[in-house]
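These are my notebook entries on one protein chain.

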Amino acid sequence: MPFNIFKEEVAKEFGIPVQFQRFWLWAKRQNHTYRPSRPLTHFEEAQTVGHVRDLCNKVQNAELKLFLELELGPDLRPITLPDRVKDDILLFFKLYDPEKEELRYVGRLFVKDVGKPIDILTKLNEMAGYAPDEDIEIYEEIKFDPSVMCEHINKMSTFKSSQLEDGDIVCFQKSLPAEVSQRLRCPNVPSFFEYRHNLQVIHFRPLDKPKEDAFCLQLSKLDTYDEVVERAAQQLGVDDPSKIRLTSNNSYSQQPKPHPIKYRGVDNLLDMLLHYNQTSDILYYEVLDMPLPELQGLRTLKVAFRNAANNEMDIHNIRLPKESTVSDVLDDVRMKAKLSHPEAELRLLEVFTHRIYKIFSSSEKIESINDNYWTLRAEEIPEEEKNLGPHDCLIHVYHFMNEENQNQMKIQNFGDPFLLAIHEDETLAHIKTRLQKRLLVPDEEFSKWKFASVSQGRAEYLEDSDILFARLQRSGVAWEQYLGLEHIDNTPKRSTAANQYRPPYEKAVKIYN
């Protein structure tokens with residue numbers, strides 16, 4: 001198609017008469033941006049469209065991309081284009097409003113390459129709607145990807161010495177006093193570009209439902225901690241942003257990290273999203289019942305306690321000052337839990353994988369207790385355990401099954417581990433009677449159970465006449481030497497945490513805050 005016919009088609013399509021059209025070729029620069037580079041000559045416009053395409057494209061059958069320049073009169077109708085001579089430079093101008101954080105196109109100008117920005121300040125103020133003598137700052141928008149490049153332009157240097165050429169984009173704004181700049185998030189054009197370049201859609205999920213998006217927000221990786229929690233609070237309808245607690249995402253497991261983000265513990269959103277060398281787009285949130293700075297002065301522990309009234313396992317969230325002791329925790333449990341009698345003595349145990357690993361001293365500080373992986377269980381101390389003599393001992397009792405693993409039998413613990421006081425001359429037969437009464441197991445079921453002395457993962461099965469006191473008095477780690485109750489685990493499979501609280505027969509678990 002002849003190029004002049006193409007211009008007539010453009011006139012029909014856009015309502016721009018041929019005599020008011022000027023077409024420019026685009027050029028790809030070294031920084032991988034595209035800018036109009038020069039207008040077509042009269043000779044080139046006398047050729048075919050295909051010839052013009054081949055002129056500017058080294059790739060065969062590539063698209064022909066052109067910039068159509070036009071001039072509009074006061075009535076917004078096309079008018080005659082301004083003449084362009086050899087030393088003219090075509091520049092495009094954008095106006096930035098730092099108060100609104102808005103950047104908009106305001107027009108184009110031809111300037112002389114030996115001219116200076118100061119020569120066109122009045123014109124730029126007119127384009128912006130400012131007073132003629134408004135003091136403005138000028139920047140060149142060089143590139144946006146993969147990183148931002150936006151440089152300040154010296155108003156007293158020539159356009160040529162500032163390396164400005166056809167197609168370049170110039171951004172300008174009002175000059176701001178220092179006190180105004182300090183209160184604005186993006187006080188100038190470069191900071192605005194950096195902010196926009198770092199925008200990312202963040203998926204917010206409730207911490208207790210880590211697979212479900214509750215809402216999404218477009219935030220900048222440069223947003224401060226306060227800005228992030230404020231936006232989240234607005235979305236959730238929470239009047240106090242300090243009641244929002246965030247937790248970062250583990251990019252490998254796609255699960256919340258074990259520890260939440262401390263109040264103002266990071267500088268910006270990027271710090272919240274980084275996990276080693278990977279950046280996530282997920283944050284988990286909680287809405288607290290008190291401001292996070294206050295909460296951080298406290299320690300919250302999840303403590304399980306078996307309700308004496310219905311034998312159900314309740315989970316209590318105990319919140320105390322960090323300098324508190326285990327004794328304070330037990331006092332809190334005493335106020336919240338249903339005890340068998342008001343004067344019952346309590347103790348705190350550390351349970352993991354259905355074994356008791358520690359009996360806490362009442363004077364131990366709670367700040368050193370880790371309840372992220374270990375289960376904390378408070379329980380009443382039976383009367384028979386309170387005054388153990390030299391002929392008594394406290395043993396660990398665990399439920400287990402023997403499972404075959406690669407042609408070898410492997411002990412698999414399950415259910416609710418517990419402690420039991422035994423006497424020096426007590427036989428297994430007598431202890432079995434006590435165990436059946438304690439665990440409320442029917443006779444028919446209990447008759448199928450086997451009993452073993454278990455040490456270092458090996459079970460030695462016991463006879464009713466065996467004296468346990470002698471069998472379980474060996475040296476070694478307490479949780480590795482115990483009385484094992486072997487029977488089928490016929491309760492529904494659950495997560496490890498849920499099973500920690502589970503007795504041999506299914507009971508409900510209730511959680512209290």
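The entries below run from the whole chain to single residues.

**Entry 1. The model and its overall form**

I noted before anything else that this is a predicted model. I counted the secondary structure and found 14 helices and 28 strands. I then looked up the extent of the chain: its C-alpha atoms fill a box of roughly 115 × 55 × 40 Å along the principal axes. I compared the radius of gyration with the value for a compact globule: 513 residues would give one near 24 Å, but the chain has 38 Å.

**Entry 2. Surface, burial and contacts**

I recorded an accessible surface of about 28,400 Å², of which carbon and sulfur atoms hold 50%. Of the 513 residues, 44% count as buried. I also looked at the contacts with a separation of 6 or more, and 61% of them come from residues 24 or more positions apart.

**Entry 3. The nonpolar cores**

I recalled that nonpolar side chains tend to be buried together in soluble globular proteins. Which residues have the most contacts inside the largest nonpolar core? They are Phe204, Val228, Leu246, Leu269, Met272 and Leu283, in a core of 24 residues. I listed the elements that each supply at least two residues of this core: strands E11, E12, E13 and E17, together with helices H7, H8 and H9. The largest share, five residues, comes from H7.

Leaving aside neighbours within four places in sequence, Leu269 is in contact with Ile202, Leu219, Ser220, Lys221, Asp223, Val228 and Leu283. Apart from this core lies another, of 20 residues, among them Val397, Ile422, Leu462 and Leu472.

**Entry 4. One side of helix H10**

I turned to helix H10, residues 326-336, where Val326, Val329, Leu330, Asp332 and Val333 are buried. Why do they lie on the same side of H10? They do so because they cover an arc of only 155° around the axis. I noted as background that an α-helix has 3.6 residues a turn, so residues three or four places apart point the same way. The buried residues of H10 pack against strands E18, E19, E20 and E22.

I looked up Val170, which is found in strand E10, residues 168-174. Val170 has a relative accessible area of 2%, so it counts as buried, the limit being under 20%. Beyond four places in sequence, Val170 is in contact with Leu91, Phe92, Phe93, Lys94, Ile138, Tyr139 and Ile153.

Asn125 lies in helix H4, residues 121-128. Is Asn125 buried or exposed? Asn125 is buried, because its relative accessible area is 0%. Not counting residues up to four places away, Asn125 touches Tyr130, Ala131, Pro132, Asp133, Glu134 and Ile136.

**Entry 5. Salt bridges**

I recalled that side chains of opposite charge can pair when their charged atoms come close. I counted 36 salt bridges and examined several of them.

Glu99 forms a salt bridge with Arg183, with the closest N and O atoms 2.8 Å apart. The pair links distant parts of the chain, 84 residues apart: Glu99 is in the loop between strands E6 and E7, and Arg183 is in helix H5. Glu99 is partly exposed, at 47% relative accessible area, whereas Arg183 is exposed, at 53%.

Arg299 forms a salt bridge with Asp371, with the closest N and O atoms 3.5 Å apart. Arg299 lies in strand E18 and Asp371 in the loop between strands E21 and E22, so the pair ties together parts that are 72 residues apart in sequence. Arg299 is buried, at 16%, and Asp371 counts as buried at 19%.

Arg434 and Glu426 also meet through their side chains in a salt bridge, at 2.7 Å from N to O. Arg434 counts as buried at 18% relative accessibility, and so does Glu426 at 4%.

Finally, I noted a network of salt bridges that links Arg306, Arg347, Arg377, Glu379, Glu385 and Asp416.

Technical notes
Residues are numbered from 1 along each chain as its sequence is written. This is a predicted model: local features need pLDDT of at least 70, side-chain atom pairs count only at pLDDT 80 or more; totals for chains, interfaces and linings use all residues. Side-chain values use heavy atoms; hydrogens and water are left out. Helices (H or I, at least four residues) and strands (E, at least two) are DSSP runs, numbered from the N terminus. Buried means under 20% relative accessible area, exposed over 50%, partly exposed in between (1.4 Å probe, protein chains only). Contact means heavy atoms within 4.5 Å. A salt bridge is a side-chain nitrogen of Lys or Arg within 4 Å of a carboxyl oxygen of Asp or Glu. The arc is that of the directions from the helix axis to the C-beta atoms. The radius of gyration is taken over C-alpha atoms; the globule rule is 2.2 Å times the number of residues to the power 0.38. Accessible areas come from the Shrake-Rupley method with a 1.4 Å probe; for residues, only the protein chains shown count as cover. A nonpolar core is a set of buried Ala, Val, Leu, Ile, Met, Phe, Trp, Tyr and Cys residues joined through side-chain atoms within 4.5 Å.
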